[in-house]
Amino acid sequence: RIIMSKRGGKSGGSAPTVVPPAPSSSSSSSSSSSDVSSADAPVRVYVDGIYDLFHFGHARSLEQAKRLFPNTHLMVGVCNDELTHRHKGKTVMTDKERYESVRHCRWVDEVVEDAPWVVNQEFLDKHRIKYVAHGEDMCYDENGKDVYEFVKSKGHFRTIKRTDGISTSDIIIKIVKDYDKYVKRNLKRGYKAEDMNVPYLKAKRFQMEAKVSDAVDKIANVRPIKEWVRGFGETWDRLKHHFDPSLSPGRRSSIVSLSGSNSDYSDNERDLDDEEEGEDEGDEEAPTLQFHTSSRSSAASDSEGDDDDDDDEESGNNKKGKGKRARR
């Protein structure tokens with residue numbers, strides 16, 4: 001607002017006086033609301049990593065970063081394949097797959113693709129990042145310097161704990177350790193050997209082993225192994241007499257033809273065994289019996305000889321008597 005005043009005539013003028021406007025109620029309310037909004041604005045926290053084979057250890061670290069402040073906007077940077085393979089080695093998942101894995105974590109508000117390996121001021125200003133968070137393990141660049149040295153020097157670095165017992169390397173070790181099992185698993189599910197870089201003959205061997213294993217499992221499910229062995233033993237007990245050379249064919253058939261329960265068969269078999277033992281004992285005494293038999297036969301032959309002599313004498317006497325009668 002400008003107020004013009006004149007003192008004296010035309011020649012006696014003075015410079016204009018500028019009066020500042022009075023503050024209105026609308027301007028005061030807008031300034032106070034801007035202060036409130038800046039106080040309630042979310043704190044932008046940045047976390048970066050590889051996140052290959054995304055697991056619950058990754059999710060827990062992101063949860064810690066999300067809970068650093070009451071109102072946190074969590075930004076997660078994921079490095080691309082070119083940087084990762086150069087600095088850390090080959091990954092299982094591609095960079096596109098890793099982007100999507102992180103994007104579907106409930107604690108993540110924003111994913112920064114193609115994240116830089118080293119954070120600088122330009123990157124912080126571009127994304128309006130207030131704090132950078134990372135685990136306790138140290139990360140170095142090509143020159144051996146800490147990649148977060150710049151942020152730490154400004155006091156804008158926060159440390160988060162890592163989860164023990166789980167990591168991408170641990171998962172890969174488990175797969176490599178049981179390599180054959182996972183190859184067989186995928187072959188059974190229809191994957192081709194060339195897709196897994198498995199030689200043809202090795203794949204065929206795995207498939208044959210899988211078929212044998214399935215057959216054994218089916219047998220085990222139909223009849224327990226112990227019962228099968230016991231049944232085989234009972235069958236062998238019934239048939240083993242066919243292979244006993246000490247038994248005659250008739251005796252073998254009589255033993256096999258025994259019917260009844262297992263207990264009855266066992267009793268009959270015991271009786272037959274006792275008889276066989278008795279026969280064996282009789283066979284041992286056979287020489288003695290044979291000796292007595294021979295003596296008896298010799299005595300009988302002697303008696304028969306004596307009888308023959310008596311008959312001859314009687315026949316001779318009869319002939320003599322007849323001769324005497326003829327002379328008379």
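Q: How many helices and strands does the chain have?
A: The chain has 13 helices and seven strands, where helices (H or I, at least four residues) and strands (E, at least two) are DSSP runs numbered from the N terminus. This is a predicted model, in which local features need pLDDT of at least 70 and side-chain atom pairs count only at pLDDT 80 or more, while totals for chains, interfaces and linings use all residues. Residues are numbered from 1 along each chain as its sequence is written, and side-chain values use heavy atoms, with hydrogens and water left out.

Q: And what share of the residues is buried?
A: Buried residues make up 23% of the 328 residues in the chain; buried means under 20% relative accessible area, exposed means over 50%, and partly exposed lies in between, with a 1.4 Å probe and protein chains only.

Q: What about contacts, how many of them join residues at least 24 apart?
A: Of the contacts between residues at least 6 apart in sequence, 63% join residues at least 24 apart, a contact being heavy atoms within 4.5 Å.

Q: Let's look at strand β3. Is it mostly covered or mostly open?
A: Strand β3, which spans residues 43-49, is mostly covered, since six of its seven residues are buried.

Q: Which strands does β3 pair with?
A: β3 pairs with strand β4 (residues 72-78) in the parallel sense over seven bridges, and with strand β6 (residues 131-134), also in the parallel sense, over three bridges. Two strands pair if DSSP finds at least two bridges between them.

Q: Which residues stand opposite each other there?
A: Val47 stands opposite Val76 in β4, and the bridge partner of Tyr46 in β6 is Val132.

Q: Where does helix α2 come in, and what unit does it make with β3 and β4?
A: Helix α2 covers residues 56-66, and together β3, α2 and β4 make a right-handed β-α-β unit. Right-handed here means that, with the strands pointing away from the viewer, the path from the first strand over the helix to the second runs clockwise.

Q: Which residues of α2 are buried, and what do they pack against?
A: The buried residues of α2 are Gly57, His58, Ala59, Ser61, Leu62 and Ala65, and they pack against β3, β4, β6 and α7.

Q: Switching to cores, which residues have the most contacts inside the largest nonpolar core?
A: Leu62 and Val76 have the most contacts inside that core, which has 18 residues. The elements that give two or more residues to this core are β3, α2, β4, α4 (95-103) and β6. A second, separate core of 17 residues includes Cys79, Trp117, Leu124 and Val132. A nonpolar core is a set of buried Ala, Val, Leu, Ile, Met, Phe, Trp, Tyr and Cys residues joined through side-chain atoms within 4.5 Å.

Q: What is Leu62 in contact with, then?
A: Leaving aside neighbours within four places in sequence, Leu62 is in contact with Val47, Tyr51, Phe54, Leu74, Val76, Cys105, Trp107 and Val108.

Q: Which residues are buried in α4?
A: Asp95, Arg98, Tyr99 and Val102 are buried in α4. They cover an arc of only 105° around the axis, which puts them on the same side of α4; the arc is that of the directions from the helix axis to the C-beta atoms. The buried residues of α4 pack against β4, α3 (81-87) and β5 (110-113).

Q: How about Gly77, where is that found and what does it contact?
A: Gly77 is found in strand β4, and at 0% relative accessibility Gly77 counts as buried. Leaving aside neighbours within four places in sequence, Gly77 is in contact with Tyr46, Val47, Asp48, Gly49, Tyr51, Val112 and Ala115.

Q: Which residues have a positive phi although they are not glycine?
A: Among them are Tyr51, with a positive phi of about 60°, and Arg128, with a positive phi of about 50°. Most residues other than glycine have a negative phi.

Q: Are those two buried or exposed, and where do they sit?
A: Tyr51 lies in the loop between β3 and α2 and is buried, with a relative accessible area of 6%. Arg128, in contrast, lies in the loop between α5 (121-126) and β6 and counts as exposed at 57% relative accessibility.
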